[in-house]
Amino acid sequence: VWLTDRQDMIDVFNRNGFRTISSRSEIQHDWLWTYSMLVPVWLDLDVCDLWNGPYLHATGDVVLRPTGKSVGIKTSGNPDYDQDLARSVSVEQLVDAIPSDYTIYSFHKDEIIEHPRVINWMTNSTTWEDTMNAAASMDVIISTCTSLPHMSSAMGVKTIIMTPILKYYVWAGEEAVSPWYSDNTTVLHQSAPNDWSSVMSQIKGML
């Protein structure tokens with residue numbers, strides 16, 4: 001059973017086969033509970049115990065119908081997160097690494113990206129369902145360590161994740177893959193603090 005107070009996440013989880021509750025008062029007295037990030041610890045899971053197929057699916061409602069090759073980008077996350085500065089990437093630097101034959105869509109929800117190549121579509125988006133449907137229509141998602149690449153990876157969408165030196169544990173290791181997701185997800189590690197140049201070179205080569 002999952003507990004979250006976000007109704008849009010409840011809708012997503014319930015639709016994808018998970019039982020979800022919205023209040024701690026619904027936790028029964030004989031249940032054990034933990035923060036979701038600690039589930040692998042309490043279940044004593046190792047890499048070989050993980051599954052890596054898609055487990056989230058979009059509804060298929062058309063929010064965005066791109067033409068040609070499309071890439072969705074997110075270069076920063078919640079500014080209140082204490083490590084946000086370390087994971088943030090310059091929009092200009094990322095756009096410069098994306099070949100000109102790609103149409104670029106911003107997945108920033110509350111920020112207008114002022115760049116002639118970037119289409120700001122999230123201004124009309126209100127729920128995770130909207131974000132999932134748009135992500136499903138992309139050829140590739142490129143993001144720093146935010147919730148977006150977790151979602152797109154869990155959906156099986158081709159995803160490139162840019163990680164800072166201080167890595168979130170699902171991106172840990174030197175490999176360009178994550179055991180938590182399938183090989184549709186590529187992990188590109190920063191080689192020096194605040195230096196994204198090698199990551200940008202790899203993105204340009206991949207695209």
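**Close-up 1. Strand β7, covered on both faces.** T159, I161 and T163 on one side of β7 and I160 and M162 on the other are all buried (buried is under 20% relative accessible area, exposed over 50%, partly exposed in between, with a 1.4 Å probe and protein chains only). With five of its five residues buried, β7 is largely enclosed by the rest of the structure. Strands here are DSSP E runs of at least two residues and helices are H or I runs of at least four, numbered from the N terminus. One housekeeping note: this is a predicted model, where local features need pLDDT of at least 70 and side-chain atom pairs count only at pLDDT 80 or more, while totals for chains, interfaces and linings use all residues. Residues are numbered from 1 along each chain as its sequence is written, and side-chain values use heavy atoms, with hydrogens and water left out.

**Close-up 2. The strands β6, β7 and β8.** β7 (residues 159-163) runs parallel to β8, joined by five bridges, and β6 pairs with β7 in the parallel sense over four; pairing takes at least two DSSP bridges between two strands. Look for I161 bridging to V187 in β8, and for I141 bridging to T159 in β7. β8 (residues 185-189) has five of its five residues buried too: T185, V187 and H189 sit on one side, T186 and L188 on the other.

**Close-up 3. F107 and the largest nonpolar core.** This core has 26 residues, and F107, W121, I141, M151 and W171 have the most contacts inside it. A second, separate core of 21 residues includes A97, I113, V118 and L188. A core here is a set of buried Ala, Val, Leu, Ile, Met, Phe, Trp, Tyr and Cys residues joined through side-chain atoms within 4.5 Å. Beyond its neighbours within four places in sequence, F107 is in contact with residues including G72, K74, W121, T131 and L148, where contact means heavy atoms within 4.5 Å.

**Close-up 4. Helix α5 under cover.** Eight of the nine residues of α5 are buried, among them W128, E129, D130 and T131. The cover over the buried residues of α5 includes α1, β6 (140-144) and α6.

**Close-up 5. L38 in its loop.** L38 lies in the loop between β2 (20-21) and α2 (39-42). Its relative accessible area is 36%, so L38 counts as partly exposed.
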